[in-house]
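Subject: Structure handover

Hi,

Here is the structure I said I would pass on.

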Amino acid sequence: MGTVTPDVEIRLFKSVLRLRRAEESLAALYSEQEMRTPTHFGVGQEAVASGVCEALLPDDVVYSHHRCHNHYLAKGGSVAGLAAELYGRETGCANGRGGSVHLTAVDKGFVVSSAILGQTIAVATGSALAFQMDRSSRVAVTFFGEATCEEGVFYESMNYAALRKLPVLFVCENNLYSTESPLSTRQPTGTELCERARAFKVTAEKVDGNDTIAVFEAATRAVESIRAGNGPVFLECMTYRWREHVGPGFDHELGRTYRTKAELDKWIEHCPVKLAGERLQSRGIASEAQIARWTEEVESEIRVAVLTAKQAPWPEAQNLFDNIY
Amino acid sequence: MRELKYYEALSEGLVQAMERDSSIFVTGIAVDYASGIFGSTVEATRRFGPERVFDSPAMENAMTGICIGAAAMGKRPMMVHPRNDFMFLAFDQLINLAAKWRYMYGGNAGSVPVVVRAVVGKGWGQGATHSQSLQSLLAHFPGLQVVLPALPQDAKGLTIAALQSNAPTVILEHRTLYGISGPVDEAYVPTPIGKARVVQEGTDVTIVATSFMVIEAMRAAEELAKEGVSVELVDLRSIRPLDEETILSSVRKTGRLVVADTSWELCGVVSEIAALAAEKAFHSLKAPVRRIALADCPAPVSMSLEAAFYPKASTIARAVLATLGRTHSHLGDIDLADDFKGPY
């Protein structure tokens, strides 16, 4: 683990490609009004999920937030389980009880995602506590947006993780906006979140969150340090959400002015999938034709998943009370 | 059967559970102090050490989330709040996540068997933010279990049951109970969660009480017996799940109901039980249901106001007599003096 071999590069590319195609396909279908669950698409932010998850072992665990599809898929969750969950079917990864923001794939190490900001930061810290108690080498990872660094639970958790040197990786996806609120209305000018982490004696690093290799390498360094017993690491990944906060649209097409089309275009130029694909080709690791074949494989998985989801059974009303306790 | 104090019973239940299940750990502010949550965690600290009983920084919300995350990995955490009131800070993790975990992930993410203990303060100037009793709020939410042991036997039994259960469970303990003695089984036996206890059988009036109000109701019942009134006393023990059957069968037998709880009336446990009787035992009722609860204001500090704020044995006894259309003038004698010595 840790070295950027051609195999790693291929896996990273195939991962971001899968995340992108899945989200784009689901976003295209979303307007049919058949997925009746508020959905926060992660298009544009794929490299964070793919880069970090590639640095993990299968029994490491991952937690996520409301914009969770990328993390669920990158850790190994199935498109079928995701699609069926969005369509509210019994075959969804949460049996249609959770919806877009409450995903799970425990057998793949994706424990849960949750919609309340910061919740799973504490929960991942607790899983790390369990690993430490068991003297296991497993690592717990929590993904969250930069707005969560405005929540108290982030600081409580970071303080505790540092106090006990817990094996937890805090991955902040800084996409510059919380719903429609820019950083300028939420954090003092000149804020460096890594400085906040360091104030808690937490090792911190900031990376280009659209560069799969940079994220993978930073996550690898982090995980190695954590497994060596050095305590938690905070990773700030700079990235950008292409679509609206919740829903499949684009802000500029919906008349929203909190950010500009020019800004979006700049980030689309810096697309994580494009960057990873170009790198593969320029280094002679994969041809355009090979990439086209991978794309078709992914598209095929998604088509089957969506078709199967739409035909899957609805949860029965008689099972409304299942699994309360 | 040998007798134990309430705190000793809590301790014995915890230690026996920890002996049998190495996944149990205990945390929260002050759990490993020499004072050990009124003595209830002292033996666990001595026996199992800092690996399994450890203090927590003041971070109620994250620590609850940490317990959830540990539980998701197979641990059975017990988190202790030295006062109920601090638990408000943990409501996001407890209510928004723990209570919903099993359901909202379709059962596919397992369970998070977190046990939360929280102490209710009373008297000696505890005041507005150290005396609240949160059972009504917590019991509102499907997915949580909420229990209030009143007798030492159930302090032990419900501790064991909570630590065996897969559902997140809140145990509310009234500070006034810690020194009370009673028979306690030496064996490792859980008290079933969701089952009320008929403390004494009677024929004239049913008193349904929770926590410390069970002790007050016992004193009231003793005095009322001298007056020829036969009280059936039901200790609710569990608010969620609620044992409707035991309550209703008692009300159908006696036709009269007084409900006494350690919290307020509006949207409270007393109102829930009254509604239950009105809905499902209406035709058995011979008199209006009476609710005994805290005065409808925040808890005051001054002794003179505290005396007016808290209902007591005589309050219950008068309510019982009222349901029978009777009055009595000497009942004040039955009230316990507040012998708590501060500061804690």
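**Salt bridges, cores and interfaces**

Let's start with a local one: B:Glu43 and B:Arg47 pair up in a salt bridge, with 3.6 Å between the closest N and O atoms. Keep in mind throughout that this is a predicted model. The two residues sit four apart in helix α2 (residues 42–52) of chain B, so about one helical turn separates them. B:Glu43 is partly exposed at 25% relative accessible area, and B:Arg47 is partly exposed too, at 38%.

Salt bridges also link up elsewhere: through shared partners, A:Glu180, A:Glu244, A:Asp251, A:Arg256 and A:Arg259 are joined into one network. Over all chains, the search of the whole structure turns up 38 salt bridges.

A:Lys310 forms a salt bridge with A:Glu32, and their closest N and O atoms are 3.0 Å apart. That pair links distant parts of the chain: A:Lys310 belongs to helix α11 (residues 288–311) of chain A, while A:Glu32 is in the loop between α1 (6–30) and α2 (46–54), 278 residues apart. A:Lys310 is partly exposed, with a relative accessible area of 29%, and A:Glu32 counts as partly exposed at 37%.

The other is A:Glu146 with A:Arg186, where the closest N and O atoms are 2.6 Å apart.

Now the nonpolar side of things. As background, nonpolar side chains tend to be buried together in soluble globular proteins. The largest nonpolar core here has 85 residues, and those with the most contacts inside it are A:Tyr63, A:Phe234, B:Met87, B:Trp101 and B:Leu138. Which helix gives the most to this core? That is α5 (residues 119–133) of chain A, with nine residues. Domain 1 (3–183) and domain 2 (197–334) of chain B both contribute residues as well, so the core lies between them.

Setting aside neighbours within four places in sequence, its contacts include A:Phe144, A:Phe154, A:Phe170, A:Leu193, A:Val202 and A:Glu205. There is also a second, separate core of 75 residues, and A:Cys93, A:Val139, A:Ala219 and A:Ala222 are among its members.

On to the two domains of chain B. Their C-alpha centres are 27 Å apart. Contacts between them involve 31 residues of domain 1 and 26 residues of domain 2. Together the two domains bury about 2,200 Å², 60% of it on carbon and sulfur atoms. On the domain 1 side, B:Lys122, B:Leu148 and B:Leu151 lose the most area to domain 2, together 21% of what that side buries.

As for polar links, the rule finds two salt bridges across this domain interface, along with 16 residue pairs in polar contact (both at pLDDT 80 or more). The elements giving two or more residues to the domain 1 side are α6 (135–139), β6 (145–147) and α7 (152–164) of chain B. Also in chain B, B:Asp154 forms a salt bridge with B:Arg237, with closest N and O atoms 3.0 Å apart.

Last, the contact between the chains. Here 36 residues of chain B touch 43 residues of chain A, going by contact. The two chains bury about 3,100 Å² between them, 64% of it on carbon and sulfur atoms. In chain B, the residues that lose the most area to chain A are B:Met73, B:Tyr103 and B:Tyr105, together 23% of what that side buries.

How many salt bridges are there between chain B and chain A? The count is two. B:Glu51 and A:Arg135 meet in a salt bridge at 3.4 Å, N to O. From chain B, α3 (60–72), α4 (91–98) and α5 (101–104) each supply at least two residues of the side that touches chain A, and α3(B) gives the most, with 10 residues.

Cheers

How values were computed. Residues are numbered from 1 along each chain as its sequence is written. Chains are lettered from A and ligands numbered from 1 in the order in which they are written. This is a predicted model: local features need pLDDT of at least 70, side-chain atom pairs count only at pLDDT 80 or more; totals for chains, interfaces and linings use all residues. Side-chain values use heavy atoms; hydrogens and water are left out. A nonpolar core is a set of buried Ala, Val, Leu, Ile, Met, Phe, Trp, Tyr and Cys residues joined through side-chain atoms within 4.5 Å. Buried means under 20% relative accessible area, exposed over 50%, partly exposed in between (1.4 Å probe, protein chains only). Domain bounds come from an automatic or database domain assignment. Contact means heavy atoms within 4.5 Å. Buried area is the accessible area (1.4 Å probe) that two parts lose on being put together, summed over both. A salt bridge is a side-chain nitrogen of Lys or Arg within 4 Å of a carboxyl oxygen of Asp or Glu. A polar contact is a pair of N or O atoms within 3.5 Å; within protein, one must be able to donate a hydrogen and the other to accept it, and residues adjacent in sequence count only if both atoms are side-chain atoms.
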